[in-house]
Structure formats: structure tokens, C-alpha cells
Amino acid sequence: MDPSSLIRKSENEWWITPVGGMRVPGVIYASERLVREMDEKVREQVSNVATLPGIQRASYAMPDAHWGYGFPIGGVAAFDPQEGGIVSAGGVGFDISCGVRTLHTGLTLDEVSSVKGRLATSLARSVPAGVGSHGRIHLDDAELDAMLRGGAQWAVKRAFGVAADLDVTEEHGCMPDARPEWVSSRARRRQQDEMGTLGSGNHYLEVQRVAEIYDTTTATAFGLRTDEVLVSIHCGSRGLGHQIGTEFLKEMAIAEGSFGIAIPDRELACAPVESELGRRYLGAMRAGINCALANRQIITHLVRQAFADELPAARLTLLYDVSHNTCKLEEHRLDRAPKPVFVHRKGATRALGPGHPDLPPAFSETGQPVLVGGTMGTASYVLVGTKDSERLSFSSSCHGAGRAMSRHEALRRWKGRQIVDELASRGIIVRSPSSRGVAEEAPGAYKDVGAVVEAADHVGLSRKVARLEPLICVKG
Amino acid sequence: MGQIQSSGSASASWEHFSHDADIGLVGIGPTKAEAFRQAGIALTAVVTDPVSVQAVTAVPIVCRAPSDELLLVEWLDALVYEMAVRSMLFGAFSVDIADGELRATAWGEQVDLERHEPAVEVKGATLTALQVSPTPGGGWRVQCVVDV
């Protein structure tokens with residue numbers, strides 16, 4: 001993207017002046033280098049989102065923003081239903097409630113190093129990953145309903161975790177107002193055998209070490225110590241979420257004319273929050289959020305089993321579980337008074353600052369952990385929510401590195417074996433059923449996650465706490 | 001957008017084009033149905049080499065939509081659904097389109113990790129870069145971006 005087409009407000013803040021049908025400005029938080037690396041389509045999509053009814057304050061793009069469908073990935077926008085505000089399936093994305101959960105292991109690098117290979121094999125065997133993989137849990141229709149209503153709380157009741165896990169999961173593990181009856185039979189069918197599966201693409205299960213701490217006080221509050229070994233899980237609502245997303249995207253596209261909403265591009269298909277379709281999508285989408293929370297909870301259980309086999313001294317406790325593809329009803333301060341708005345975060349992590357009433361008690365003083373995934377060869381980060389992020393971005397921050405090149409370009413440049421060998425020489429074990437999948441996910445195919453996190457930190461979307469480096473990566 | 005990978009005869013072929021995080025599919029054919037068929041092959045090529053997929057099982061697919069473009073999305077979504085619930089990949093297709101209804105058969109087999117080396121699951125078809133249009137030469141070109 002050409003930075004000269006934007007108004008630079010500060011080192012990492014760029015504005016798009018409202019023109020045409022834009023109701024609010026566009027705001028991109030990124031360094032000049034990251035802006036230059038962004039596709040021109042990001043600017044177009046940020047501007048298009050700004051035309052949607054009921055949008056509040058601005059249409060935002062996080063530092064890792066890239067070309068999505070309808071909304072950019074890394075896009076944040078809030079809508080007021082009292083002003084005709086909308087909800088958009090494309091503004092959430094197909095992988096509803098995709099997110100990251102990070103676990104402490106209570107072990108140090110030294111304690112894990114000697115069994116790293118065995119642990120990698122055990123994790124790859126325990127957690128199904130990749131195309132065509134099925135979980136070991138089959139849910140009948142009644143059990144699916146219970147899962148879609150209960151989320152991680154359902155999973156814990158079924159012995160896939162402990163109550164303490166829920167204390168540090170968004171929504172206490174259960175998204176309220178989920179409506180399983182609005183989830184189609186095809187979406188249900190896709191999920192029956194996919195619980196506890198990782199998926200493919202950029203999803204992963206990583207064993208990591210805390211490589212560097214930037215903020216000792218917050219790191220201590222989060223229980224993070226240098227060279228502690230952690231586990232991070234990145235995945236979402238699997239086939240059920242994908243099916244809900246695709247079905248409602250089409251339904252919104254077909255119904256769009258009936259709402260009298262003028263949209264600049266069909267891919268912004270949406271429905272008023274206060275419409276039957278809008279309410280139905282929200283109910284189904286919330287069931288999708290519960291599916292993702294339950295899925296990550298089951299994977300946590302499988303990871304604990306694998307660790308118990310290889311490293312019985314491990315005590316896997318949850319740091320936090322946070323989603324980055326959601327639409328949530330939240331109160332935000334606009335003008336003078338707080339008011340309820342529907343915040344779409346598509347590839348953007350919620351980043352509630354200290355004192356926020358929705359925080360789990362464990363983080364009320366610090367702000368929430370913001371978990372940002374990197375690539376299998378670089379680093380992931382733990383950041384913390386700030387008070388400023390409410391004003392800057394409806395309490396949102398970046399979610400990952402963001403792709404710098406297409407899958408085909410990656411495939412042209414790298415071979416899977418070459419990536420696996422290269423990472424092995426750096427002490428990183430990769431386990432994946434697909435060599436081609438590894439090549440498409442080559443670390444070099446992504447932007448510099450460090451630059452993304454720097455920009456988020458500098459502008460105040462969230463603050464750096466710790467950098468995590470991969471030791472083992474299980475990919476689909 | 002640039003042509004990345006393609007296959008087929010002069011009159012019928014498929015291509016992929018670049019999209020930051022996802023993949024664009026193109027189907028080209030002398031008829032609309034053939035262009036849709038080619039798009040089906042392009043979809044499989046996102047996951048694996050379509051030539052590696054044997055035609056062991058036939059799966060019937062019927063879908064309807066109020067426009068040609070949404071019919072393309074329905075067609076690709078139907079294939080994604082069948083791949084997911086059957087753990088199958090499809091390498092060959094027959095497609096007929098009449099009065100806004102698509103009737104097809106997809107031939108394929110169970111995913112074989114060794115042989116197919118499947119790269120990535122497709123989540124669904126999007127409305128991005130979505131087009132179904134006649135070409136100047138009298139044929140058809142269809143395209144859209146799929147989310148992976």
C-alpha cells in the first residue's frame with residue numbers, strides 16, 4: 001500500500017479520510033514498513049467497512065492486516081443496533097472463534113530437552129491434525145446441542161479439563177445466548193467427528209520456551225519465567241464454524257437487497273442486528289464460539305495426556321484462552337457515555353485493559369494476556385491489554401504475523417523437507433502429515449511478527465510482556 | 001492477481017491466482033457447465049494434485065442458487081462439505097446446469113496421507129473476486145476466492 005494515500009497521524013497510526021459513502025474514517029495502526037507491505041486491497045476493504053450502517057468511531061486495521069473477504073483480516077469495527085448497526089458473517093470469518101490458548105507446563109527447558117523428540121511424537125499422535133483427520137470423540141445430536149450451549153464448560157463437565165481452566169478462558173468458557181437450533185444439520189454433520197482436532201493451514205500446536213521477558217512485573221503476574229516451557233494451541237470451530245460462516249454469508253448476500261443497505265461490494269454481505277437474519281446469525285455464531293472453546297479444551301486434555309506419558313512431573317495450567325474471529329456485544333465509551341455495540345474482530349485479538357469489568361479476576365489488575373501466534377520458525381508473543389486500547393481500537397490488538405506471500409509463491413520457493421531440516425538444525429522439531437502443507441506455511445511466507453508486535457506495543461494497542469520461541473511444532 | 005498454476009486443454013482449463021491468505025480459483029470452458037467442472041478440479045488442486053485422486057466412489061451433488069455467481073459458490077461449498085464429511089478427495093466431475101440448478105457427480109476416494117499429501121483444508125468459498133461470465137471467444141470463465 002502506498003503510504004502517501006494515507007494521512008499519517010503518528011509513527012504507527014494512519015488515517016483514511018472519509019469519502020463517498022464512508023460514514024467514519026479508516027484507521028490503520030502499523031509502521032511505515034508494514035503499511036508498504038500491505039496489499040492495496042486492505043485500504044479498499046477498511047474503507048468499504050466504513051460505509052456500513054451503524055458503524056462507530058472508525059473502521060480499524062491492526063498491524064498484521066491483510067486482504068480478507070469483505071472485512072480485511074486484522075479488521076475491527078463496532079456497530080450500534082440503535083443506529084441500524086449490522087452484523088456480518090464476513091466480518092467474523094469462516095473460522096468462528098479461531099483463537100490461541102497458552103498453557104504453563106511448570107517445566108524448564110532443561111527438563112524438556114532430553115525428551116523433546118518423544119514428546120513431539122506423542123503430541124502428534126495424540127492430537128489429530130490435517131486434512132481428513134477425525135477426533136476420537138463422536139457426538140450424537142443431543143451431545144452436540146449440549147456442546148454448542150456449554151462450550152468449554154461442557155468439555156470440563158465431560159472430564160476434558162478442570163474447573164480452573166474456565167477461570168482463565170474468555171466468557172468463562174461459555175458464550176451466552178448461543179442458539180444451537182439455528183445451526184444447520186450440515187454444520188452439525190461436519191462437526192460430529194471433528195471435536196479435538198487441530199485442522200490445517202496456519203493452525204498449530206506448539207511447545208515453546210519463554211525466550212525473553214520485556215515486562216517483569218506483568219510476566220510475574222502471568223506466572224511467566226525465562227526458559228519456562230509453555231504449550232500454545234491455535235485453532236477454531238472446525239467444520240461447524242466453517243459451515244455456519246459459508247451458509248450465512250450466502251444468505252446475507254441473497255437477503256441484502258431486502259434490507260435496503262447500500263454496500264460497495266457484495267462480499268460485505270450483512271444484516272441488521274435487529275433483523276431475524278441478524279439475530280439468527282448471532283445465535284448460530286455464538287454456538288460456533290462455544291464449539292471452538294470446547295475444541296481447544298479437548299485438545300488441552302489430549303496435550304495433558306501426552307505430557308503425562310512423557311513428562312509426569314509436568315503440571316499443565318492454563319494461562320489464557322482468547323479468540324480472534326468473533327462478533328461480541330460489548331459496552332464501549334463513545335462520546336460521553338458507555339453504550340452497547342457489536343464489535344467485529346476478524347483476525348484481531350480482544351485486548352481488555354486493567355480494571356475492565358469483563359476480565360477474569362486473575363487479570364483485573366494487569367489487563368488480559370493477548371496471545372499472538374507467530375510461525376513455526378520465528379516467535380510468538382504474550383502481550384497485555386492496555387487502558388488505551390479501548391479508545392484506540394475498541395480494546396483490540398493484532399493476532400499474528402499475517403501472510404506476506406501466497407501459498408503458491410511459498411510452494412514455489414520452499415520444499416517441506418527443506419523447512420523441516422532447517423528448523424531441526426535450529427532445535428525446532430516439526431511434526432506434520434503433509435510436506436506440502438509445511439512448505440506453504442514456511443516461516444518466510446509470513447511477515448515479521450516482531451515488527452507487528454512492535455507496532456502494536458508502540459501505539460498502545462497492547463504491551464509486550466514476553467517472547468516465546470518454538471521447540472516443537474505440530475501442524476496439520 | 002496472477003496466474004500461478006494451471007492445467008487443461010486450450011478450450012477447457014483451470015488456474016489458481018494469488019490472494020494474500022487464501023487462494024483464487026478459475027475455471028474456463030466452452031460451456032458454463034464445463035467452466036464449473038474445471039473450477040471443481042481447481043478446488044481439489046488447492047488440497048492435492050487432482051491427478052493423484054482415483055475415481056473410486058461417485059457422489060451425487062445437486063444445488064440451486066438465484067444467480068450464476070451464487071451457484072458457483074454453492075457448487076464449491078457442496079464439494080467442500082462432501083470432502084469434509086466423507087474424508088474424500090475428488091479428481092473427476094460431470095456437471096450439468098439448467099434453470100439455475102446444478103446437477104453433478106464427483107468421483108473420488110478416501111484421503112490417503114501418503115499418496116495425496118493433502119496440503120490444507122478448504123473452509124469454504126467466498127464472494128471475493130466472484131465472477132461467472134462469458135468470454136469473447138464464446139466460452140465461459142468462472143472464478144472466486146476460497147478460504148483456507
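Residues are numbered from 1 along each chain as its sequence is written, while chains are lettered from A and ligands numbered from 1 in the order in which they are written. Because the model is predicted, local features need pLDDT of at least 70 and side-chain atom pairs count only at pLDDT 80 or more, though totals for chains, interfaces and linings use all residues.

Let's start with helix α9 of chain A, residues 238–255. Helices here are DSSP runs of H or I with at least four residues, strands are E runs of at least two, and both are numbered from the N terminus. From first C-alpha to last, the 18 residues of α9(A) reach 26 Å, close to the 26 Å expected at 1.5 Å a residue (that is, 1.5 Å times one less than the number of residues). Of these 18 residues, 14 are buried, so α9(A) is largely enclosed by the rest of the structure. "Buried" takes 20 or more other C-beta atoms within 10 Å of a residue's own, "exposed" 12 or fewer, and "partly exposed" sits in between, with C-beta atoms placed from the backbone.

Helix α9(A) also turns up where the two chains meet. That contact takes 39 residues from chain A and 33 residues from chain B, two residues being in contact if their C-beta atoms, placed from the backbone, lie within 7 Å. The largest share of chain A's side, nine residues, comes from α9(A). By class, chain A's side has 10 nonpolar, 16 polar and 13 charged residues; Ala, Val, Leu, Ile, Met, Phe, Trp, Tyr, Cys and Pro count as nonpolar, Asp, Glu, Lys and Arg as charged, and the others, Gly among them, as polar.

Ser434(A) sits in the loop between β18 (429–431) and α14 of chain A. Leaving out residues up to four places away in sequence, Ser434(A) touches Gly130(A), plus Glu117(B), Pro118(B) and Ala119(B). Ser434(A) has 24 C-beta neighbours inside 10 Å, so it counts as buried.

Most residues other than glycine have a negative phi. Yet Arg57(A), in the loop between α2 (40–49) and β4 (59–66) of chain A, has a positive phi of about 65°. His172(A), in the loop between α6 (163–167) and α7 of chain A, has a positive phi too, of about 55°. Arg57(A) is partly exposed, with 18 other C-beta atoms within 10 Å, and His172(A), with 15, also counts as partly exposed.
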